[in-house]
Amino acid sequence: MAKLVLAGEAPLKDVWTVKRFYRSIVTKCSIDGVVAVFTGKANCPYYAKAELLADYLQANLPHFRVHKITQHPDKWEQWLHDVCETNGWKHSRSPIIWRELLDRGGKGLLLGGINDFLEYAQHYYGVTSTMLSDEMLAIAEENLQAHIEIEKEEEEIKSLIKPLQIWITSASVPICYQLIPLLANGEVFGMTTEISIHLLDTDQFKEVLCGIVMEAEDMAFPLLRCISEHTEIDKAFIQADVVIVLDDVLLNCEVQPLESYVREVSEICQVYAHLIEKNAKSDVRVISSGKTFVNLKAMMMMTYGSSIKPENVIAVATSLESAAKAMLARKLNMNAAGVKDVIVWGNITGCNYIDLSHAKVYGYESAIWGPANFSRPVLNMIYDSEWIHSEFLSAQGSLNSQVSDCAGMLHAHAVATVLRYWYHGSPPGEIISVGVLSAGQFCIPEGIVFSMPVRFQNGNWEVMTELEINETTQKVLDRLAHDLIQEKLVALKEIREMLPYGADKITNKEYLQQEMEVLPSGSH
């Protein structure tokens, strides 16, 4: 079958060449018809004119068939150049028309542009176009919008076919080992989304990575397209959709000062950030987790990776949040899943504040019962105020070290939970603590990654600025911000040593004591 392809506006060919071409088309048409394929700029008014005339011919001629292809204006010039270079043609405008001998092979026979097609229609069929310029422009605009919608639908379909590319750094650590099954079972990204996992670490851990790969392949997860190990840093994060940063440093302040570790983490993140900018997708999401400097890693990724979207970088605080909920649940003799809205403020793996002022319990067995959505304030349910003042306050100081000593299950669950919320939304009304770049919310200084309450919806997060905090809490946040600012300045080598808060800093214990004093009588 002969196929007539159209795609730019070109000058009229030599009339005898065109007429010979027309005769060949008519001859072929009498045998098996002509397929006219239009390829032009989606917003080209001349393409719109040729398109409607071709539609008319197809509707009225039994052997005339039309196939239309549009190109986005941004891609048109390159596409046209490639087509002409391949076929040895010279053409510069939209649309372009040629005839392909699909049943014979070989390159197509160029007709030209809109003028050539109009002459062809007039000469052989006695039909021409009387479309006005305004009509051409209106249809061209409609074509562009339709093209954009089609491209969007095709991308969505491709996303179901192409697996998400997940890169995990420092992948030999136990957290990664525990995380892989959670990512591959479908609960995080969805039961129809395939993933490819890339494990990145240094050469000395290559054997460990190979063992993890083999074990994951043996488990035959239906949604795990492939899993691979990588030790060449220059090839890291290629086409990454998600990067999970698990790098940690072994702290020993007796050997070297804390500032040295801060600068070490900063240098690692600088390497990662440049590679993410170079190799990853433009909308890549970066998750900072681990046992040390979680806020700092997220901060440095944004600082050194200027093209990485700040809203796409977060630090996971869910491990500490979960540990605090479990401690409260043990005190109340209930399931930790029933404790909600505990807030972690500040430096997730450093100086932070666990806020119970908005915390609630659901499904607590007491004299008062209600439906599944019935909740009661945590501070009203713990009648032993001395426990808050002593054990809970003392335990807060050791929660960080307890979380750091975990084998990896808690951190892995935290990463998987935050990713699931990010892609599918967090439970309505529930407070989630996440380290994000401050934009001045709650009077927290701008430009630092600070753990604060957020909600996830529609693939994004937003800070829950509607929550009220009292003056005492605000003072605590100011002190916590100071710690993170100092850490950032050391990382950027603007100062050599971190300055202390000062003798007037407010501790968690002082805050909670004041909080208990203002509770209604009988709630202690």
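This is a predicted model: local features need pLDDT of at least 70, side-chain atom pairs count only at pLDDT 80 or more; totals for chains, interfaces and linings use all residues.

Q: How many residues does helix α3 have, and what distance does it reach from its first C-alpha to its last?
A: One compares the end-to-end reach of a helix with the expected span. Helix α3, residues 73-87, has 15 residues and reaches 22 Å, close to the 21 Å expected.

Q: Which residues of α3 are buried, and what follows the helix?
A: W76, L80, V83, C84 and N87 are buried in α3. After the helix comes G88, whose phi is positive, near 75°.

Q: Is E51 buried or exposed?
A: Burial is read from relative accessibility, with buried meaning under 20%. E51, which lies in helix α2 (residues 45-60), has a relative accessibility of 10% and therefore counts as buried.

Q: What surrounds the side chain of E51?
A: Leaving aside residues up to four places away in sequence, E51 touches F38, K68, I139 and N143. With the side chain of K68, the E51 side chain makes a polar contact at 3.3 Å.

Q: Which strands pair with β10, and in what sense?
A: Strand β9 (residues 242-245) runs parallel to β10 and is joined to it by four bridges; here I244 stands opposite I287. Strand β11 (residues 313-316) also pairs with β10 in the parallel sense, over three bridges, and V313 is the bridge partner of V286. Between β10 and β11 the chain passes through helix α9 (residues 294-304), giving a right-handed β-α-β crossover.

Q: Are the faces of β10 covered or open?
A: Both faces are covered: R285 and I287 are buried on one side, V286 and S288 on the other.

Methods:
Residues are numbered from 1 along each chain as its sequence is written. Side-chain values use heavy atoms; hydrogens and water are left out. Helices (H or I, at least four residues) and strands (E, at least two) are DSSP runs, numbered from the N terminus. The expected span of a helix is 1.5 Å times one less than its number of residues. Buried means under 20% relative accessible area, exposed over 50%, partly exposed in between (1.4 Å probe, protein chains only). A polar contact is a pair of N or O atoms within 3.5 Å; within protein, one must be able to donate a hydrogen and the other to accept it, and residues adjacent in sequence count only if both atoms are side-chain atoms. Contact means heavy atoms within 4.5 Å. Two strands pair if DSSP finds at least two bridges between them. A crossover is right-handed if, with the strands pointing away from the viewer, the path from the first strand over the helix to the second runs clockwise.
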